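Work through the exercises below with the sequence and the model open beside you. Try each task before reading its solution.

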Amino acid sequence: MAKRAAREPTPGLYPVTYGEVELLQDYDRPSGWLLSMGGVPQSYVDLDDPEYLDFEYVRLMADVIDLLDEGPLDAVHIGGGGFTIPRYLAATRPGSRQIAIEPDAGLVQLVRDQLRLKSVPLLKVRVADGRAGTAELWDDSADLFVLDAFTGAVMPVELATAEYLADVARVLRYRGTLLINLADGKGLAFARRLLATVCAAFRHVALLADPGVMRGRRFGNLIVAASRVELPLDDLVRRAAGGLTQARCLHGATLERFTAGAAVIHEGDSVVAPVPPPSLFDS
């Protein structure tokens, strides 16, 4: 019996549980689709080539993943969007078992209906918020834990606390790796506090970002990699410097200087996650 051809996505505005999402086609890459919410780009997915990553910060995350030990990974993803990294991992490391936790049931259904989510092998999607979903995961069950959760362009502060990261560490295997996508701007006050919190939970930490973002000159994404064991720093520094993003990588003494004086974030602390300037996403 012949397989039925996958339905092509339909661009437009779609209601989801927590607002409205716009689905836009990339006319330079007809199989590329952008998910946007409130004018803020959320995810880019190439349905025919899951190894194509359009956003710079996603390429940095992929650089870290590519340098992990060979073979399939057991991975957890907090935040779904278009499920770009799960698609990438399924394509580059066949046999990987993945759990994605996303609180917006309407968004999950939209991606299932429009962006072929069911075609991603060995991916289970759970509709739950990040904290509750993580609490239900088994101890020592993940090789990779990806924290990429945003409400619009703002990272939920409850996912940046020492208490939450302790739960993440519980889920990760001893040699497992944590990846965090955060956003910050002038002064990088939130990034410094989050990095101080990560450094208190994990012995080996690296920070990757575009040089302009790293210096606090403009608002943008920064990627944190953390583990109980040594990270592949030499290869990571080379990849970051030689890639399309030409990012900087802070670790060791340079990271200590970056976080100097920053307080660890605990539950109940008065912390405000940074909001991007209104002009950032203007076309």
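**Exercise 1.** In what order do the strands of the open sheet of 8 strands lie, and which are its edge strands?

*Solution.* The model is a predicted one. Step 1: reading across this open sheet, the order is S7-S6-S5-S8-S9-S11-S10-S12. Its pairing is mixed. Step 2: strand S7 (123-127) and strand S12 (248-251) are the edge strands, since each pairs on one side only. Step 3: from one strand to the next, the twist averages 15°.

**Exercise 2.** In which sense do strands S10 and S11 pair, and over how many bridges?

*Solution.* Step 1: locate strand S10 at residues 204-209 and strand S11 at residues 220-227. Step 2: their pairing is antiparallel, with 5 bridges. Step 3: as one example of facing residues, His204 stands opposite Ser227 in S11.

**Exercise 3.** Which strands does helix H5 touch?

*Solution.* Step 1: helix H5 covers residues 162-171 and packs on the sheet. Step 2: H5 touches strand S5 (74-78), strand S8 (142-147) and strand S9 (172-184). Step 3: the direction of H5 makes about 140° with that of S9.

**Exercise 4.** Describe the sheet of 4 strands, from its order down to its paired residues.

*Solution.* Step 1: this open sheet has the order S1-S2-S3-S4, and its pairing is antiparallel. Step 2: its edge strands, each pairing on one side only, are strand S1 (12-16) and strand S4 (40-46). The twist here averages 25° from one strand to the next.

Step 3: take the pairs in turn.

- S1 and strand S2 (residues 19-25) are antiparallel, with 5 bridges. Val16 has Gly19 in S2 as its bridge partner, and the hairpin that joins S1 to S2 runs through 2 residues.
- S2 and S3 are joined by 5 bridges and run antiparallel. Val21 has Met37 in S3 as its bridge partner, and this hairpin has 6 residues between its strands.
- Strand S3 (residues 32-37) is joined to S4 by 6 bridges, again antiparallel. Trp33 stands opposite Val45 in S4.

**Exercise 5.** At what angle do helices H6 and H9 pack, and which residues meet?

*Solution.* Step 1: two packed helices are described by the angle between their axes and the distance between the axes. Step 2: for helix H6 (residues 189-201) and helix H9 (residues 252-259), the angle is about 125° and the axes are 9 Å apart. Step 3: an angle of 65 to 115 degrees would count as roughly perpendicular and one over 145 as roughly antiparallel. The angle of about 125° therefore makes H6 oblique to H9. Step 4: the crossing of H6 past H9 is left-handed.

Step 5: on the H6 side, the residues in contact are Ala191, Arg192, Leu195, Ala196 and Cys199. On the H9 side they are Leu255, Phe258 and Thr259. Sorted by class, the contact has 6 nonpolar, 1 polar and 1 charged residues. Step 6: for the spacing along a helix, recall that an α-helix has 3.6 residues a turn, so residues three or four places apart point the same way.

**Exercise 6.** How many residues of helix H2 are buried, and which are they?

*Solution.* Step 1: buried means under 20% relative accessible area. Step 2: helix H2 (residues 84-92) has 9 residues, of which 7 are buried. Step 3: the buried residues are Thr84, Ile85, Pro86, Arg87, Tyr88, Leu89 and Ala90. Helix H2 is thus mostly covered.

Definitions and conventions:
Residues numbered from 1 in each chain as written. Predicted model: local features only at pLDDT ≥ 70, side-chain atom pairs only at ≥ 80, totals over all residues. Heavy atoms only, no water. Axes fitted to C-alpha atoms, helices over the stretch in contact; angles between N-to-C directions. Parallel < 35°, antiparallel > 145°, perpendicular 65-115°, else oblique. Left-handed = near helix turned anticlockwise from the far one by under 90°. Contact = heavy atoms within 4.5 Å. Nonpolar A, V, L, I, M, F, W, Y, C, P; charged D, E, K, R; others polar. Pairing = 2+ DSSP bridges. Buried < 20%, exposed > 50% of the residue type's maximum accessible area, 1.4 Å probe, protein only.
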